[in-house]
Amino acid sequence: MVATEGMYTGQFIYCGKKAALTIGNVLPLKQVPEGTIVCNVEARVGDRGAFARGSGCFAVVISHDEDKGTTRLRLPSGGKKTVSSLSRAQIGVVAGGGRTDKPLLKAGRAYHKYAVKRNCWPKIRGVAKNPVEHPFGGGNHQHIGRPSTVSQAAPSGRKVGLIGARRTGRLRGVKKLGQDKD
C-alpha cells in the first residue's frame, strides 16, 4: 500500500473486486476500466505491488484480453507490459510527485537523503583512490592507465569500469526505433 495523491488521514480504503473505483482503493485489474490511472500494480498475483511505486508515478490500463485473462499496461517508463487480470492495483497517482524538481543545494541534504536508503553516497572516483583500494587508483596523475573495459569473467575486485562492454565510445548515427504494434 502506497500513499496516493488525494488521500487523507482517516480515509477508509477498500480492497477487493467489489470496491468502488475511487482514489486509494485496491481492485483487481479486470474490474478497472480501460484508460484508468493506477499505481502499485502487481507483477504476479499476490506479490503486493511491483510497478509504478515511485513518487509521482502511475501506470495506465490500455486494454483487457478476456480470453487470455490478461491486461496491458503502459508503465511510467513508457514501455508496455502484459500482466494477469487478477493482479491488483491501487487507483490513482503515487503521492510526492515533483520531488526531484527542487535541487538538494547542499551536501547535508544529500547525506540525509541517502543515509535512510543505503550506503551509496558520496561516490568517490576510482582514479582518486589509492592502488590498494581500486584497480584505477594510484599514479602521479589521475588517469586510469589501462582499458576501462573489463571481461565478464574477471574476478570480483577487478570487475570495475565497463563490464563486458560490447562497444564503447559515443553513440553515432540515429537509433532505429521499432514502431509499436498497438
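Tutor: Take Val41, which is in contact (heavy atoms within 4.5 Å) with Leu29, Gly49, Ala50, Phe51, Ala59, Leu73, Arg88 and Ala89, when neighbours within four places in sequence are left aside. The model is a predicted one, in which local features need pLDDT of at least 70 and side-chain atom pairs count only at pLDDT 80 or more, while totals for chains, interfaces and linings use all residues. Residues are numbered from 1 along each chain as its sequence is written, and side-chain values use heavy atoms, with hydrogens and water left out.

Val41 belongs to the largest nonpolar core, a set of 18 residues. Such a core consists of buried Ala, Val, Leu, Ile, Met, Phe, Trp, Tyr and Cys residues joined through side-chain atoms within 4.5 Å. Buried means under 20% relative accessible area, exposed means over 50%, and partly exposed lies in between (1.4 Å probe, protein chains only). Val41 is among the members that touch the most other members, together with Leu29, Val32, Val38, Ala59, Val61 and Leu73. At least two residues of this core come from each of strand S2 (37–39), strand S3 (59–65) and strand S6 (88–91). Strands here are DSSP runs of E with at least two residues, helices are runs of H or I with at least four, and both are numbered from the N terminus. In soluble globular proteins, nonpolar side chains tend to be buried together.

The structure holds one salt bridge (a side-chain nitrogen of Lys or Arg within 4 Å of a carboxyl oxygen of Asp or Glu). Glu42 and Arg88 form it, with their closest N and O atoms 2.7 Å apart. The partners are 46 residues apart and link distant parts of the chain: Glu42 lies in the loop between S2 and S3, and Arg88 in strand S6. Glu42 counts as buried because its relative accessible area is 2%, whereas Arg88, at 37%, is partly exposed.

Now the sheet. Six strands form an open sheet in the order S1-S6-S2-S3-S4-S5, with antiparallel pairing. Strand S1 (26–28) and S5 are the edge strands, each pairing on one side only. On average, neighbouring strands are turned by 50 degrees against each other, direction ignored; the axes are lines fitted to C-alpha atoms, for helices over the stretch in contact, and angles run from 0 to 180 degrees between N-to-C directions. Two strands pair if DSSP finds at least two bridges between them. S2 and S3 have two antiparallel bridges, and Ile37 has Val60 in S3 as its bridge partner.

Strands S4 (residues 70–74) and S5 (residues 80–84) run antiparallel and are joined by five bridges. They form a hairpin with five residues between them, and Gly78 in the turn has a positive phi of about 100 degrees.

Thr71 is also in strand S4, and is buried at 0% relative accessibility. Its side chain makes a polar contact with the side chain of Ser85 (2.9 Å). A polar contact is a pair of N or O atoms within 3.5 Å; within protein, one must be able to donate a hydrogen and the other to accept it, and residues adjacent in sequence count only if both atoms are side-chain atoms.
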